[in-house]
Amino acid sequence: MRLQNLTTNGSFSSTVHTIATFVTRRATRGAMFTLALCFSVSQLQAQFSGPSLGAGTPVNAPITPTTDPAILYPADRAIQLGVGDSLVVHLFGQSEFASPERVGLDGALQVPLIGPVPVLGLTLYQASQVIAIRLKNAGMYRDPQVTLQIVDSPNQVVTVSGEMHGLVPVVGRRSLLSVLSAAGQYPITGSHTVIINRPGLDQPIVVDLGTDPSRSARADVPLFPLDTVVVPRVGVVYVLGAFKIQGAIPLEQNSPLTLMQAASLAGGPGFEGQYKDLRVVRTVGFERKVIKLDLMKVMRGKASDPVLQADDIIFLPTNQLKAALTNGGFGAASNVASLLLVAFQTR
């Protein structure tokens, strides 16, 4: 009766048209959402797989240690005065020169009785001679005995950067190992090859600290004020997935790291891991490659234990059923056993 009325009154066709329009709109929106999702996923994939560096950018360029003795062990340098140095002028038999003064931005030092004296770039001895000559020429003293003392200086420091950070005071010279010790504990991620940037040299000084303590004296080169010591980051291997400990494992210098060693450092693989589907993601140049291995065969000695490289990513996928048993403990195991028992009884 209702259908006949709808047909008779002409409202049935309009209702069908409304429903069709609604379905069409929903389908169109769904298609647009699916298209947008596919486009975004393709963007993400392209963003992940494609390198952002240019084709001419060098990758992991090797560093050659410096071997020239003239560069590694230069002659001692006299302290040169710079802007911001705080000095005390000592004049024999006089006390009015005892207050410290700083070298201004113009490179001059304010000295009582004679005013500003240019001392920028001069050594302590040269600056004391200039002040003595000024006092003598001004008629203040016949033969003044002048000495200078540095009280504070922002220039007489060595900067340590990279994996270590610090400003280490250096008056005259100081050895590399003593500067590194003063900067703090050497990090495990720090490379044993350090770089020294020295003003006046076109190329940085590369020093290999080595791993043999009996030969550490060779690497204990002198440092001078305004030197910058850069401690690079050593290569690491990333462990992800069904391992007990996830994170980065640093590579020790002159000591290869194998897959079994990395798994041991990561606490070993978990019960929920898919041992036959272990993956090693390795970057070769600008291309990423995935290497699939059977961890169980490697553990049993039936497959070779590969040597890992810097920036390798070890990923062990997770078996969902094993993960549920691991997370649920005995309760989950008993539930699964009960379900299996019921399933067998119903047959």
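Which strand gives the most to the lining of the largest cavity?

1. Basis. This is a predicted model, in which local features need pLDDT of at least 70, side-chain atom pairs count only at pLDDT 80 or more, and totals for chains, interfaces and linings use all residues. Residues are numbered from 1 along each chain as its sequence is written, and side-chain values use heavy atoms, with hydrogens and water left out.

2. Cavity. The strand is β1, with 3 residues. A search of the whole structure finds 1 cavity of 30 Å³ or more (a set of points on a 1 Å grid over the protein atoms alone where a 1.4 Å probe fits but cannot get out; lining residues have an atom within 4 Å of a point). The largest cavity holds about 50 Å³ of space, the volume being that filled by probe spheres set on the points. Its lining has 10 residues, and V89, S99, E101, Q110 and P112 are the closest to its centre. β1 and β3 (108–111) each supply at least two lining residues.

3. Sheet. Strands (DSSP runs of E, at least two residues; helices are H or I, at least four) β2-β1-β5 form, in that order, an open antiparallel sheet of 3 strands. Pairing requires at least two DSSP bridges; β1 (residues 86–91) and β2 have 2. S86 stands opposite R102 in β2.

4. Helix packing. Helix α4 (residues 124–137) packs on the sheet and touches β1 and β5, contact meaning heavy atoms within 4.5 Å.

5. Whole chain. The chain has 9 helices and 17 strands. Of its 347 residues, 30% count as buried (under 20% relative accessible area, 1.4 Å probe, protein chains only).

Terms used
Axes are lines fitted to C-alpha atoms, for helices over the stretch in contact, and angles run from 0 to 180 degrees between N-to-C directions. Buried means under 20% relative accessible area, exposed over 50%, partly exposed in between (1.4 Å probe, protein chains only). On a 1 Å grid over the protein atoms alone, a cavity is a set of points where a 1.4 Å probe fits but cannot get out, and a pocket is an open set with protein on both sides within 12 Å along at least five of seven lines; lining residues have an atom within 4 Å of a point.
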